[in-house]
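Biologist: I am new to this model. Please take one part of it and walk me through it closely.

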Amino acid sequence: MPIYRYSFQSKLPEIPTSIFSVMSALALKENALNLSQGFPDFESDKNSIELVYKAMLNGKNQYAPMPGVFSLRKEITNKIEHLYGVSYNPETEITVTAGATQAIFTAIAATIKKDDEVVIFKPAYDCYEPTIQLFGGKVIPVQLNPEDFKIDWKLVKNLITDKTRMIIINTPHNPSGRILSAFDMLQLENILKDTNILLLSDEVYEHIIFDGEFHQSAVLYPVLAGRAFIVASFGKMFHNTGWKVGYCLAPKELMTEFRKVHQFNVFSVNHPIQEAFAEYLKTPEHYLKLNDFYQHKRDLFLSLIKDSRFEFTPSKGTYFQLLNFKNITEENDVDFAIRLTKEYKLASIPISVFNEQQLNTKVLRFCFAKTDETLKKAAEIICNI
């Protein structure tokens, strides 16, 4: 085979292997309980699997329409109206995507050009920053308060310039489990109302909120909804992250630009799974029960580790719980996470890698989207540290 010699410059030269891949690989190597990556270790509803099989048998095995199967987009419209009293046109304002990450990538690709500034809040989900950089944008990071993860809106307002093109929010927030309040959303509206700045609202955990709180979706705030790409995930809703199906909501003008990229990125999404979700969404209980389902798991996990040496504030949403280990070791969080996996056989995610300048707050993230048995085993390890 001939060897070609050429000069090549990476578009993302400083992007390392994802910490999720690193910790999951280490967990597998060490045969450790994996509470690092955010996916359930229990099966999806058998009814949803049967619906996919039925769609396959009914011949739904070729390309789906580029924006998504219409019956699914219609059910998404019904869901938004039912939950928030807001109407999105299924023809022009909803696109089904290959998971939420593809939706985020596509929204950024469609709107961010060289030297555009994008405000993100750190710690941040790890796909935001490299995608912005890939299209020549400049990341403007805002470090959340490491104690309570609240946003300093005065600081945000002072960071706005004539180059600011987009703000990205995530509620419920991964990794902190914090949720944005109505006050937060109103502050954001006030900042954006007289600008041309776009909003990307990552709401993949919208149905996993605890203690009677209500999800403050961007759809509820007209100033925000009128300029927002709102991203959701069926994988988070229905315990099937491997199916990689999500969707994006946006006003017609923005969705037109979104679809220009979407059609050349993935074109269309898994057809039989879309058919299955269209049927599955007709029963709202399938997603409305998630709050109670995951609050049980959060409460069980925290009750089992309450006498451990870790400190914590109960998560308000998502299926992640942060644990502070300042009373245990002086190690940084990356080193401790690695040692925890190797010596104690329990994998987690260090938070510093998502902070600005890798601010180390001695905090690890644990996923509690696990069977009760797995959580009990993990808690036993935690209590013995």
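Modeller: Helices here are DSSP runs of H or I with at least four residues, strands are runs of E with at least two, and both are numbered from the N terminus. The model is predicted, so local features need pLDDT of at least 70 and side-chain atom pairs pLDDT 80 or more, while totals for chains, interfaces and linings use all residues. Residues count from 1 along each chain as its sequence is written, and side-chain values use heavy atoms, without hydrogens or water.

Let us take helix α1. It spans residues 19-30, 12 residues in total. From first C-alpha to last it reaches 16 Å, close to the 16 Å expected. That expectation is 1.5 Å times one less than the number of residues.

A side-chain oxygen of S18 comes to within 3.1 Å of the backbone nitrogen of F20. Just past the other end, N31 has a positive phi of about 55°.

Now the sides. I19, F20, M23, S24, L26, A27 and E30 are buried, that is, under 20% relative accessible area with a 1.4 Å probe, protein chains only; exposed is over 50%, and partly exposed lies in between. Seen down the axis, the buried residues of α1 fall within an arc of 160°, so they line one face. The arc is taken from directions between the helix axis and the C-beta atoms. An α-helix has 3.6 residues a turn, so residues three or four places apart point the same way. On the face turned away from the buried side, L28 and K29 are exposed.

What covers the buried residues? The cover includes β1 (33-34), α14 (333-344), β10 (346-347), β11 (349-350) and β12 (363-367). Contact means heavy atoms within 4.5 Å.

Methods:
A polar contact is a pair of N or O atoms within 3.5 Å; within protein, one must be able to donate a hydrogen and the other to accept it, and residues adjacent in sequence count only if both atoms are side-chain atoms.
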